[in-house]
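Subject: Structure for your review

Dear colleague,

Please find below the structure that I am handing over to you. I would be grateful if you could read the notes that follow it with the structure open.

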Amino acid sequence: MGKEGVKIEIMDTTLRDGEQTSGVSFVPHEKLMIARLLLEDLKVDRVEVASARVSDGEFEAVKMICDWAARRNLLHKVEVLGFVDGHTSVDWIQRTGCRVINLLCKGSLKHCTQQLKKTPEEHLADIISVVHYADEQDITVNVYLEDWSNGIKDSPEYVFQLMDGLKETSVKRFMLPDTLGILNPLQVIEYMRKMKKRYPNTHLDFHAHNDYDLAVSNVLAAVLSGVKGLHTTINGLGERAGNAPLASVQAILKDHFNAVTNIDESRLNDVSRVVESYSGIVIPANKPIVGENVFTQVAGVHADGDNKNNLYCNDLLPERFGRKREYALGKTSGKANIRKNLEDLGLELDEDAMRKVTERIIELGDKKELVTQEDLPYIVSDVLKHGAVGEKVKLKSYFVNLAHGLKPMATLKIEINGKEYEESSGGDGQYDAFVRALRKIYKVTLGRKFPMLTNYAVTIPPGGRTDAFVQTVITWSYDEQVFRTRGLDADQTEAAIKATMKMLNLIEDEYEKSK
Ligand SMILES: CC(=O)SCCNC(=O)CCNC(=O)[C@H](O)C(C)(C)COP(=O)(O)OP(=O)(O)OC[C@H]1O[C@@H](n2cnc3c(N)ncnc32)[C@H](O)[C@@H]1OP(=O)(O)O
Ligand SMILES: CC(C)C(=O)C(=O)O
């Protein structure tokens, strides 16, 4: 499909249109850091870093970026949006050290007459005057035809009048925005072809907006129509629903069009994370290329197919983007998912152990849907260490409560060798109340010894998730013996109760031996 090997120029506007995402504001050193990542790591061809006149902070940011870019011989790649305002924007840009203005002109008749309150002739004359002034200052001019998509639909003669009036000037690129994201790919092809036919030797950029979730499709339609320059942002940031995300655009250009860009796609993920953190706009987990989950196989059948000649892989191999394939653990896991995770951890289990671990993961997943790789060593150890312990003591039901200003209470019913016992107690905490109720059954009702708790350790897997599994390891002494049991659950009290039930079964075996 498409044009083989066509060269596409990418202009990234994360720092201008991306900053027009509601709630996003970069401080100068963040702008500098992102500009460096865009130009040096990702190797985008051009960056638009601000609008002129906005604020002192923006002035400082542009100046910092330009000072840095000049030292790296990259200054010609740094651009600032400016207005048709006589000398004001050009002077502002000149003072920052920037050498390129992206001049915001009106691309539809209604914007020209209703917002600027100018006739087309007046607006054209104003633009030409700014272009001449920029020429005098040795500043390169690219022109935006703002609201071009409405303009080419409703007032094409206005668009052509503007283009015709500017084509003999020094304007380097004409940048055609779908300002309100109103076009679909068929319309992009129709209108871009009209533009290409009339201006075959003019460099055209396309600037998409994502209001109908069509930004990426529209960008590709533009390429199909012969456009050589595209505007993108990291993570699709931008006014309203945003712009076309660079990562998706890059992947589709390469895989579907065999197009050539300068982008180093192995850096896309890392740069996305930096922009996520500086912008505060969280990347959805299912966002193509950069979302947390997009390289994770969840279904057991998929993991199995990956072992059989990579049957469930497409061209979007995670390694291309500096990422790794992962296999989710949960109720939809099969042995293949679990084996892949164990391999990663350097663990190997025999068939029987695999079966037990699989059953356990499915059981846990049924309760909580997702089990992480970090949870796996605990699960393996839990299943293998105590898998053989009998079930002479069973917890039939229990209730523990926690109420502000009241002592925690526990009521439980257990079965010991087929007989049921019920007891209640208060305690210093929920688990303390639970153990006190148990102790009453053993010591008072049965007249037996109850083990002494000597240590209680809680571990959560790394990652800092509040919904992670909790591992509780409890050490008990009983008849001069030490027992160490562990419980695993999303809830800390439940994990401790599980560890306790294992201990009661262990001492039951000892008790029977001693009879
Ligand atoms: C589609 C886009 O993304 S366009 C994004 C352009 N960038 C920005 O808007 C950057 C953020 N904007 C700002 O900081 C401010 O709006 C400024 C500094 C540009 C102007 O601020 P103010 O002088 O307070 O004007 P305000 O924002 O109220 O209105 C915009 C003015 O610019 C005029 N204007 C709109 N487009 C243009 C243009 N292309 N060239 C010149 N003037 C323009 C409007 O007609 C209006 O003028 P008016 O006040 O005489 O009616
Ligand atoms: C700056 C302008 C041209 C823009 O971002 C748009 O129209 O979408």
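The notes below begin with the overall form and then turn to a ligand site and two residues.

Please bear in mind that this is a predicted model. The protein contains 17 helices and 16 strands. Its radius of gyration is 33 Å, well over the 24 Å that the globule rule gives for 515 residues, so the protein is more spread out than a compact globule. The C-alpha trace spans about 105 × 55 × 45 Å along its principal axes. Of the 515 residues, 52% are buried. The accessible surface amounts to about 23500 Å², and carbon and sulfur atoms account for 50% of that surface. When contacts between residues at least 6 apart in sequence are considered, 65% of them join residues at least 24 apart.

Which residues surround ligand 2? They are Arg 16, Asp 17, Leu 81, Leu 104, Tyr 144, Glu 146, Pro 177, Thr 179, His 207 and His 209. By class, this shell comprises four nonpolar, three polar and three charged residues.

Arg 16 deserves a separate note. This residue is located in the loop between strand E1 (9–12) and helix H1 (28–42). Arg 16 counts as buried because its relative accessibility is 8%, under the 20% cut-off. Its side chain also makes a polar contact of 3.2 Å with the side chain of Tyr 144, another member of the shell around ligand 2. Leaving aside residues up to four places away in sequence, Arg 16 touches Glu 48, Val 49, Ala 50, Ser 51, Leu 81, Tyr 144 and His 207.

The other residue is Leu 180, found in the loop between strand E6 (173–177) and helix H8 (185–198). Is Leu 180 buried or partly exposed? With a relative accessibility of 38%, Leu 180 counts as partly exposed. Beyond residues up to four places away in sequence, Leu 180 touches Asp 147, Asn 150, Asp 211 and Arg 240. Asp 147 is 33 residues from Leu 180 along the chain, and their C-alpha atoms are separated by 7.2 Å.

Yours sincerely

Terms used
Residues numbered from 1 in each chain as written. Chains lettered and ligands numbered in written order. Predicted model: local features only at pLDDT ≥ 70, side-chain atom pairs only at ≥ 80, totals over all residues. Heavy atoms only, no water. Helix = DSSP H or I, 4+ residues; strand = E, 2+ residues; numbered from the N terminus. Buried < 20%, exposed > 50% of the residue type's maximum accessible area, 1.4 Å probe, protein only. Contact = heavy atoms within 4.5 Å. Near = heavy atom within 4 Å. Nonpolar A, V, L, I, M, F, W, Y, C, P; charged D, E, K, R; others polar. Polar contact = N/O pair within 3.5 Å; in protein donor to acceptor, adjacent residues only side chain to side chain. Rg over C-alpha atoms; globule rule 2.2 N^0.38 Å. Areas by Shrake-Rupley, 256 points an atom, 1.4 Å probe, with all protein chains shown as cover.
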